[in-house]
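Please look over the model below before reading on.

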Amino acid sequence: MESSTVLPDSVQRVVTCLQQAGHSGEVVMLAETGKTSAEAAAGLGCSVAEIAKSVVFRRLSDDAAVMVVASGANRVDEHKVAAHTGPLGKANAAFVREKTGYAIGGVCPVGHPTALIMLIDQDLFRYSRVWAAAGHPHAVFPLTPQQLQQMTGAPLADIAQQ
């Protein structure tokens, strides 16, 4: 891990959003990429399950963005998510950036240009602290699962593939 005083614009936007939500705004810049849950966990020295990864889908009925914030150890079951949101399709990189304001690999669960349909993986509540992307593939921030739910307003759901 390394710290840097000059943060990319997307990360600074996350810091501001976190501070406005009452969070410390602490962001860690990883020396190596954190694009995947495994990479982020290795850089942080935590378990993959403690990474709160953001997975974005496109709802077929209206092209709405559906974000699932899942434990890095879980594969998201699209059918379980669709039971909450309606039928889903894949979201390409352009769709993800347009709807979330972030590039794939750094999609933060907060600070989007418009409201998203969101669900939180109930398995994240097994941990006292989790790490989420902070708007850049090298940036992450710590928070409790309770803070994640409070900041997003998203309901908990069983979304993991068995």
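1. This is a predicted model. Start at Glu-78, which counts as partly exposed at 25% relative accessibility. Glu-78 forms a salt bridge with Lys-90, with N and O 3.4 Å apart. Glu-78 belongs to helix α3 and Lys-90 to strand β4 (residues 88-90), so this pair links parts twelve residues apart in sequence. Lys-90 itself is exposed, at 65% relative accessible area.

2. Lys-80 pairs with Asp-158 in a salt bridge, 3.1 Å from N to O. Lys-80 sits in helix α3 and Asp-158 in the segment after β8 (156-157), so the bridge joins parts 78 residues apart in sequence. Both partners are partly exposed: Asp-158 has a relative accessible area of 35%, and Lys-80 has 21%.

3. Asp-77 deserves a check. Asp-77 lies in the loop between β3 (65-71) and α3 (78-85). What is the nearest side chain of opposite charge to Asp-77? That side chain is Lys-80, 4.8 Å away. A salt bridge needs a side-chain nitrogen within 4 Å of a carboxyl oxygen. Asp-77 has no salt bridge, yet is buried.

4. Look at what surrounds Asp-77. Beyond its neighbours within four places in sequence, Asp-77 contacts Ile-159, Ala-160 and Gln-161. Asp-158, the salt-bridge partner of Lys-80, lies in the segment after β8.

5. Another pair is Asp-62 with Arg-59. Their closest N and O atoms are 2.7 Å apart, in a salt bridge. Arg-59 is buried, at 19% relative accessible area, whereas Asp-62 is partly exposed at 43%. The whole structure holds five salt bridges, and this is one of them.

6. On charge overall, the protein has 12 positive and 14 negative charges. Their mean positions are 4 Å apart.

7. Now the fold. The protein has five helices and eight strands. Along the sequence they run α-β-α-β-β-α-β-α-β-β-β-α-β. The radius of gyration is 14 Å, close to the 15 Å given by the globule rule for 162 residues, so the protein is as compact as a globular protein of that length. The C-alpha trace spans about 45 × 30 × 30 Å along its principal axes.

8. Finally, packing and surface. Of the 162 residues, 48% count as buried. Among contacts between residues at least 6 apart in sequence, 64% join residues at least 24 apart.

Methods
Residues numbered from 1 in each chain as written. Predicted model: local features only at pLDDT ≥ 70, side-chain atom pairs only at ≥ 80, totals over all residues. Heavy atoms only, no water. Helix = DSSP H or I, 4+ residues; strand = E, 2+ residues; numbered from the N terminus. Rg over C-alpha atoms; globule rule 2.2 N^0.38 Å. Buried < 20%, exposed > 50% of the residue type's maximum accessible area, 1.4 Å probe, protein only. Contact = heavy atoms within 4.5 Å. Lys, Arg positive; Asp, Glu negative; His and termini not counted. Charge placed at Lys NZ, Arg CZ, Asp CG, Glu CD.
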